[in-house]
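Take a walk through this structure with the model open beside the text.

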Amino acid sequence: MEYVFNESNFASEVLASPIPVLVDFFATWCGPCRMLAPTVEEIAREYEGRVKVGKVDVDVSPAIAQMLEIESIPTLILFKDGKPAGKVVGYVPKEKITEMF
């Protein structure tokens, strides 16, 4: 299951999560983001219960993107214990993403 994170739930769903959280920073107009989406959905299914997977639309929640200094999309950040623990930028293969776990 993929979650949708925004400015109202980011702190409770991501920063306070007891399990690692993979956040996909994207925009609806971003071609590479759309190309990466099926991979992120596959990871969400495979790691369900062990890693929470969700998305932040940088156009809808610009404050989160600014706080985390997201400069290009897609960007995926793995949060552990409320802190960034890994980051990949751009369209990357699934293995590059799951290496962060």
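Keep in mind that this is a predicted model. Begin at serine 17. This residue sits in the loop that runs between helix 1 and strand 2. Is serine 17 buried or exposed? Its relative accessibility is 7%, so serine 17 counts as buried, the limit being under 20%. A polar atom of the serine 17 side chain lies 2.8 Å from the backbone oxygen of isoleucine 19. Setting aside residues up to four places away in sequence, serine 17 touches Ser12 and Lys52.

Lysine 52 leads on to an aromatic ring. The charged end of lysine 52 sits over the ring of tyrosine 3, 5.3 Å from the ring's centre.

Now look at rings paired with rings. The count of aromatic pairs comes to three. One of them joins tyrosine 3 and phenylalanine 5. Their ring centres are 6.1 Å apart and their planes meet at 5°, so this pair is stacked; the cut-off for stacking is under 30 degrees. The two partners differ in accessibility. Tyrosine 3 has 30% relative accessibility and therefore counts as partly exposed. Phenylalanine 5 has a relative accessible area of 2%, so phenylalanine 5 is buried.

Another pair is made by phenylalanine 10 and phenylalanine 79. Here the ring centres are 5.8 Å apart and the planes stand at 85°, so the pair is edge-to-face, a label that needs over 60 degrees. This pair links distant parts of the chain. Phenylalanine 10 is in helix 1, phenylalanine 79 is in strand 4, and 69 residues separate them. Phenylalanine 10 is buried because its relative accessible area is 3%. Phenylalanine 79 is buried too, because its value is 2%.

Both of these phenylalanines belong to the largest nonpolar core. Which members of its 18 residues touch the most other members? They are Phe10, Val23, Phe25, Leu68 and Phe79. Four elements each supply at least two residues of this core: helix 1 (10–15), strand 2 (21–26), helix 3 (62–67) and strand 4 (75–80). Strand 2 gives the most, with four residues. Leaving aside neighbours within four places in sequence, phenylalanine 79 is in contact with Phe10, Val14, Leu15, Pro20, Val21, Val23, Leu68, Pro84 and Ala85.

Apart from this core lies another, of 14 residues, with Val40, Tyr47, Val51 and Ile97 among them. Follow isoleucine 97. Its place is in helix 4, residues 94–98. The relative accessible area of isoleucine 97 is 0%, so isoleucine 97 is buried. Which residues does isoleucine 97 contact, beyond its neighbours within four places in sequence? They are Leu22, Leu36, Thr39, Ile43, Leu76, Val88 and Val92. For a sense of distance, take isoleucine 97 and proline 62. They are 35 residues apart in sequence and 23 Å apart in space, C-alpha to C-alpha.

Next come the cysteines. The count of disulfides is one. Cysteine 30 and cysteine 33 form this disulfide, with their sulfur atoms 2.3 Å apart. The torsion about the S-S bond is about 75°, so the disulfide is right-handed. Both cysteine 30 and cysteine 33 are buried.

Finish with the backbone. Start in the loop between helix 3 and strand 4, where proline 74 is found. The peptide bond from isoleucine 73 to proline 74 is cis, with omega near 0°. Glutamate 69 lies in the loop between helix 3 and strand 4 as well. Its phi is near 55°, a positive value in a residue other than glycine.

With a relative accessible area of 69%, aspartate 81 is exposed.

Terms used:
Residues numbered from 1 in each chain as written. Predicted model: local features only at pLDDT ≥ 70, side-chain atom pairs only at ≥ 80, totals over all residues. Heavy atoms only, no water. Core = buried A, V, L, I, M, F, W, Y, C linked by side-chain atoms within 4.5 Å. Buried < 20%, exposed > 50% of the residue type's maximum accessible area, 1.4 Å probe, protein only. Contact = heavy atoms within 4.5 Å. Polar contact = N/O pair within 3.5 Å; in protein donor to acceptor, adjacent residues only side chain to side chain. Phe/Tyr/Trp six-rings, centres within 6.5 Å; stacked < 30°, edge-to-face > 60°. Lys NZ or Arg CZ within 6 Å of the ring centre and 35° of its normal. Disulfide = S-S within 2.5 Å.
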